[in-house]
Structure formats: structure tokens, C-alpha cells
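Here is a short briefing to read alongside the model. Please keep the viewer open as you go through the points.

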Amino acid sequence: MQDTLTALVTKAQTDLAALQARPEFEAAKARFVGPNGELTALMKQMGSVPKEEKPAMGKLINEAKGKIQALLDAALQRIEAGELTRQLGAAVDPTLPSPDVGPGTYHPLTLVREEMCRILRKVGFTVADGPEVETEFYCFDALNTPSDHPARDAQDTFYFPETARFGNVSKKTPNEKYLLRTHTSSVQIRTMLQGKPPIRIVSPGRVYRRDTTDASHSANFHQLECLYVDRNVTVRDLKALLDYIFESLLGAGTKTRFRPHYFGYTEPSFEVDLSAKHLPKVNKEWIEIGGCGMVDPLVFETVGYDSTVWSGYAFGMGLERLAMTLYGIDDIRYFYQNDLRFLKQFA
Ligand code: DAH
């Protein structure tokens, strides 16, 4: 009898450990402890055991019963846990503390973009948007930068294959190509074609260049474009606005300077430098921040504005550069790495 009991417990051990689902479990349970089960059958044999052996025998049977019951409980627990995991998806452990790290923070580029838009809204600018997938017309041709112009070479960038179709960005001519915009200046054309002067818009957004990534270059970055069209606009208005926005963003003592330059869509054209020596980590006298100028009459003609009536200024600048100056960041790559140690500093 003792050997039979030991064998039964060993059998229960192997059988129950192999169980995967509840129906199998119920069947196994019946096989061992059900009314017709093996243990039940052994218990029934107690009747024929001699009286003096009964206490010892009873003890053995009770021990075996306890062991088998413990095995059954463990098997059921394992099967139930498996069912729960399958229901929730294997990755979820509902007993773990919540992985929620609390409210996030704005990205430094978002902070600077929003601050610049706020500063410009105060003086009457509204925010305009344009697509990142552009056509050559908006990105170059309408901005007086024809396909054989050397200025286009420097910005020659990510073109899509002829077969690519973007239903929401329509081409002006059938054989012009789609490309990722190299600057936000394309929004100038879109805005002028959509509306009538006077115009006063700011357009922040992502742009793409054929640049090799290093501490100060990235193949995609962000710009902020402004366009102002009205009667009698002068370079003086342009300089005054730039002085105002940089001083608002970077504080009193910020200086702006123009250097003569060439852009196809402005005449005259300038590069804009700023100096903000009062900021903690600015150790350069002048930081190149963008380009600007008076809207070229040829651009007005392309969008159907009478260039003897309308005048305007435009400028575009890099948002990363601005944020780097403001916060004293020395490597552009920090903006895109999603490193919480970096991002949390802007909370
Ligand atoms: N689009 C120029 C660039 O990406 C910047 C620029 C220059 C924008 C002159 C303008 C402008 O609006 O008038 O380098």
C-alpha cells in the first residue's frame, strides 16, 4: 500500500505539471481525487486493512491526499495565470507599478517656436503653414531660382521619383518634380497666391537639406519664415522688426547686423547676424542666424502682384540656431536624440 501511494503521488506530480488548460485539469483532478479516482479507490481499501495497521495506514493516505491536493492547487494557479497573461497580452504585468513618468515637458524647439510666434503675433503677424513635400515651382522657380541657377545647386536635395504622387500637393507643370522642401520660403509663394496684400505671416516648419550631420548640421532642421507685403515697406522696417524680435527673445542688449548677400527672391538681400554677449554661454561676437531682404519684384510678378504698388520684406532663420543661442546648447544633435537628461532641463 505504501508503495502504491508513493507511486501515485509521483504520477500526480508529472501528470499535473504537464497540464496547459482547464479541461485537462478537470479531467486529471477526477482521475486522482474524483469519486472514481485512484486515490479514492485506495481510500476505499482501508476497510480491508487489519485494525492494528489502520492508524498508520490512515496517516499515509492523508499525507498522500494532502500532497496531491497541493499539486492540484499549484497546477490550477499556473493555468489561471496563463489565461490572464494571454488575455492581457504577454507584456503586461498588472501588478507592477505604473510606468507613467508623469507629465512631459515641451521640447526646446517647440518652446522657441511658440515664443517667436507669440512675439510676432503681437505685431500683427498670423501663422501660416505649408507642406514639407513641395514642388520645384514653390521651392525654387517661383522664388526666382531657375533650374540652372547655382544657388539651387547648394540646396539641391531629396527628390522623389517621377512616379511619386502626392494628391494634396498639386504641380504647376506636369514634368516638375516633388522634393522635400529645402526652406520655408515656399510658404511665401503659397500665401501670396492664396490671398491679397497686405500680408503679414510667420511660418515655422521642418526643412530638409543634403547635409552631413555634425555638431552644427543636420539633414533635417527647422526654420521660421516671415513675409510682410504692403505699400511703402522699406529696409528700415525690416531692420526694426528683426531688432524687435531678437531683443524680445534674447533680452535687452541683443544686437542685429546685416551683411550684403544674394538671394534670388530678395533685392537687396542680407545675411543677419546677432550678438547676445549678455547670454551665459555665448562667447561669439556675431552669430549668423538667417537671411532676409526686400521681396524681389520678379517674385511679385510671378504671383500676380503689381510690383509698382506693392513692396515687402521677407526673412528666414534657423530655429535650432536660435534655441542653441538662447539655451547655450553646443551640439545640434541633442535636439533629436530624445535623451531625457537633455529634455528635462527645459521643464
Ligand atoms: N531661404 C533662405 C535659406 O534657407 C533664407 C532666407 C533668405 C529666407 C532670404 C528669406 C529671405 O525669406 O528673404 O537659407
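**The second largest pocket**

The second largest pocket is lined by 14 residues, and those nearest its centre are Lys284, Ile287, Met324, Ile329 and Asp330. Two elements, β8 (287-295) and α11 (319-327), each give two or more residues to this lining. The model is predicted, with local features needing pLDDT of at least 70 and side-chain atom pairs counting only at pLDDT 80 or more, while totals for chains, interfaces and linings use all residues. Residues are numbered from 1 along each chain as its sequence is written, and side-chain values use heavy atoms, with hydrogens and water left out.

**More on the pocket**

- The volume of the second largest pocket is about 370 Å³, taken as the space filled by probe spheres set on grid points joined across faces, edges and corners.
- A pocket here is an open set of points on a 1 Å grid over the protein atoms alone, where a 1.4 Å probe fits, with protein on both sides within 12 Å along at least five of seven lines; lining residues have an atom within 4 Å of a point.
- With 3 residues, α11 gives the most to the lining of the second largest pocket.
- The lining holds 5 nonpolar, 4 polar and 5 charged residues (Ala, Val, Leu, Ile, Met, Phe, Trp, Tyr, Cys and Pro count as nonpolar, Asp, Glu, Lys and Arg as charged, and the others, Gly among them, as polar).

**Helix α4 and its end**

- Helix α4 (residues 54-88) has 35 residues and spans 51 Å from first to last C-alpha, close to the 51 Å expected at 1.5 Å a residue (1.5 Å times one less than the number of residues).
- Helices are DSSP runs of H or I with at least four residues, strands are runs of E with at least two, and both are numbered from the N terminus.
- Buried residues of α4 are Met57, Gly58, Ile61, Ala64, Ile68, Leu72, Ala75 and Ile79 (buried means under 20% relative accessible area, exposed over 50%, partly exposed in between, with a 1.4 Å probe and protein chains only).
- Their cover includes α1 (2-17), α2 (22-33) and α3 (38-44).
- Gln87 also lies in α4, and Gln87 is exposed, with a relative accessible area of 66%.

**Helix α8**

- Helix α8 (residues 186-194) is largely enclosed by the rest of the structure, because 7 of its 9 residues are buried.
- What covers the buried residues of α8 includes β4 (199-208), β5 (220-230) and β9 (311-318).

**Domains**

- The domain assignment gives domain 1 (2-88) and domain 2 (108-346), with bounds from an automatic or database assignment.
- Their C-alpha centres lie 78 Å apart.

Conventions: Contact means heavy atoms within 4.5 Å.
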